[in-house]
Amino acid sequence: MPKVETFNRDFVLKQATSVFHEKGYNAASMQDLVDATGLNRSSIYNSFGGKMNLYMTCLKSYQDHYFLQINNKLSNAKNGLNALELLLELYLKDILEDKRDMGCLITNCVTEMGNQEPIITNFLNNNREGFIDFLSDLIERGQNEGFINKNSTPKEYGLYMYSSIQGFRTTGILLSNKNDLTTIIKTIIQTLK
């Protein structure tokens, strides 16, 4: 008979995600995770299979949470271009509210672990491809509506937006001046008009 988890899984993931977000994967020790989650080491191994599997579970949970936020934010978009503006405004809000300058967990993962572990590289590649497809669909919508120019294909602009967002999120770790960040957003959007 399989063991039944006797802890609040959502709470444990939230606490573990916080540790990984603050310290990164490499600097987060098992003791940090034990202290934050209240689980002992054997419970972490039995429930998640170890530190790497717990990290992957946290990344997937963070990804799901963020895509839910994005979908909620973009549900009010008037057109494809406005959807991209709303998306950048969501990231701006996150940067301005991030008082500890920790950035995006997934973006941080790219810079710390992107080419170190095949399981992480695979997750990040799938995340990138899915997000570029999502952005390309918004671009195509905006082009069909006449709000985005057709100087580049939706895929090319999707790649541009993905790279711009990654740079914006990384820049936001060190720069939290709203005027400067708003200028970056305006420049990104202006390229598409």
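In this predicted model, the chain splits into domain 1 (1-57) and domain 2 (76-190). The centres of the two domains, taken over C-alpha atoms, lie 29 Å apart. Eleven residues from domain 1 and 14 residues from domain 2 take part in the contact.

How much area do domain 1 and domain 2 bury between them? The figure is about 1,000 Å², with 64% of it on carbon and sulfur atoms. On the domain 1 side, His21, Tyr55 and Met56 stand out: together they supply 52% of the area that domain 1 buries against domain 2, more than any other three residues.

| Link between domain 1 and domain 2 | Count |
|---|---|
| Salt bridge | one salt bridge |
| Polar contact (both at pLDDT 80 or more) | four residue pairs |

Which elements give two or more residues to the side of domain 1 that touches domain 2? They are α1 (9-27) and α4 (51-74). The largest share, eight residues, comes from α1. By type, this side of domain 1 divides into six nonpolar, four polar and one charged residue.

Phe134 counts as partly exposed because its relative accessible area is 21%, while buried means under 20%. Leaving aside residues up to four places away in sequence, Phe134 touches Ile70, Asn71 and Leu74. Gly158 is 24 residues from Phe134 in sequence, and their C-alpha atoms are 8.0 Å apart in space.

Conventions
Residues are numbered from 1 along each chain as its sequence is written. This is a predicted model: local features need pLDDT of at least 70, side-chain atom pairs count only at pLDDT 80 or more; totals for chains, interfaces and linings use all residues. Side-chain values use heavy atoms; hydrogens and water are left out. Buried means under 20% relative accessible area, exposed over 50%, partly exposed in between (1.4 Å probe, protein chains only). Contact means heavy atoms within 4.5 Å. Domain bounds come from an automatic or database domain assignment. Buried area is the accessible area (1.4 Å probe) that two parts lose on being put together, summed over both. A salt bridge is a side-chain nitrogen of Lys or Arg within 4 Å of a carboxyl oxygen of Asp or Glu. A polar contact is a pair of N or O atoms within 3.5 Å; within protein, one must be able to donate a hydrogen and the other to accept it, and residues adjacent in sequence count only if both atoms are side-chain atoms. Helices (H or I, at least four residues) and strands (E, at least two) are DSSP runs, numbered from the N terminus. Ala, Val, Leu, Ile, Met, Phe, Trp, Tyr, Cys and Pro count as nonpolar, Asp, Glu, Lys and Arg as charged, and the others, Gly among them, as polar.
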